[in-house]
Each structure stands twice: as structure tokens, then as C-alpha cells.
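Here's a quick walk through the model on your screen.

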Amino acid sequence: MKSAIISKNIHFLYYAVAMGLLLALLQGLELRFVLLSHAFELYAGAIALIFTGLGIWLANH
């Protein structure tokens, strides 16, 4: 019974797997684009967080 359902819908399963892989690829490329296009902002934000944490730590001591 199960194999009959799987063999009947095998094209849909192939399509679903292919779409899932393409979606993962597109998400990875989008993340890479965002990181490259906003590299300065991310770097400045990281420095701001470091100095904010340092200031809070110094204020507590």
C-alpha cells in the first residue's frame, strides 16, 4: 500500500526535493549578498557592541 502511494507520487517527491534544495541555495546566496553589501555596517555594529560591553563592565567595577 505504501509503496503504491510512493510510486504513484514519485514525481511530486522529486519536485519537492528539488525545490527545497533550490530554496536553500537561494537563501545561502541572499545571506552572502547581505553580508557583502552591508559589511561596513556589520563591522561598525560589532565594534559598537564591544565598546558598549566594555563601558558597562568598567562602570560596574
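## Starting at Phe33

Let's begin with one side chain: Phe33 counts as exposed, because its relative accessibility is 57% and the cut-off for exposed is over 50%. Phe33 sits in helix 2, which covers residues 10–37. Keep in mind that this is a predicted model.

Now look from Phe33 to Leu49. They are 16 residues apart in sequence, and their C-alpha atoms are 23 Å apart in space.

## Helix 2, out in the open

How many residues of helix 2 are buried? The number is zero out of 28, so helix 2 lies largely in the open. From its first C-alpha to its last, helix 2 reaches 40 Å, close to the 40 Å expected at 1.5 Å a residue.

Gly28 is another stop on helix 2. Gly28 is partly exposed, with a relative accessible area of 38%.

## The overall layout

Zooming out, the chain has three helices and zero strands, and from the N terminus on the elements run α-α-α. Why call the chain more spread out than a compact globule? Its radius of gyration is 24 Å, well over the 10 Å that the globule rule gives for 61 residues, so the chain is more spread out than such a globule. Along its principal axes, the C-alpha trace spans about 70 × 30 × 5 Å.

Burial tells its own story here: buried residues make up 0% of the 61 in the chain. The accessible surface comes to about 5800 Å², and 77% of that belongs to carbon and sulfur atoms.

## A nonpolar patch

Which residues make the nonpolar surface patch? Tyr43, Ile47, Ile50, Phe51, Leu54, Trp57 and Leu58 do, and the patch has an area of about 770 Å².

Take Trp57 from that group. Trp57 is placed in helix 3, which runs over residues 39–60. With a relative accessible area of 47%, Trp57 is partly exposed, because that label covers values between 20% and 50%.

The chain averages a pLDDT of 88, and 97% of the residues score at least 70. Where is confidence lowest, and where is it highest? Helix 1 (residues 2–8) is lowest, at a mean of 75, while helix 3 is highest, at 93. As a rule of reading, where pLDDT is low, the predicted coordinates should not be read in detail.

Definitions and conventions:
Residues numbered from 1 in each chain as written. Predicted model: local features only at pLDDT ≥ 70, side-chain atom pairs only at ≥ 80, totals over all residues. Heavy atoms only, no water. Patch = residues over 30% accessible without salt bridge, like charges linked within 9 Å, V, L, I, M, F, W, Y side chains within 5 Å. Areas by Shrake-Rupley, 256 points an atom, 1.4 Å probe, with all protein chains shown as cover. Salt bridge = Lys/Arg side-chain N within 4 Å of Asp/Glu carboxyl O. Helix = DSSP H or I, 4+ residues; strand = E, 2+ residues; numbered from the N terminus. Buried < 20%, exposed > 50% of the residue type's maximum accessible area, 1.4 Å probe, protein only. pLDDT = per-residue confidence, 0-100. Expected span 1.5 Å × (residues − 1). Rg over C-alpha atoms; globule rule 2.2 N^0.38 Å.
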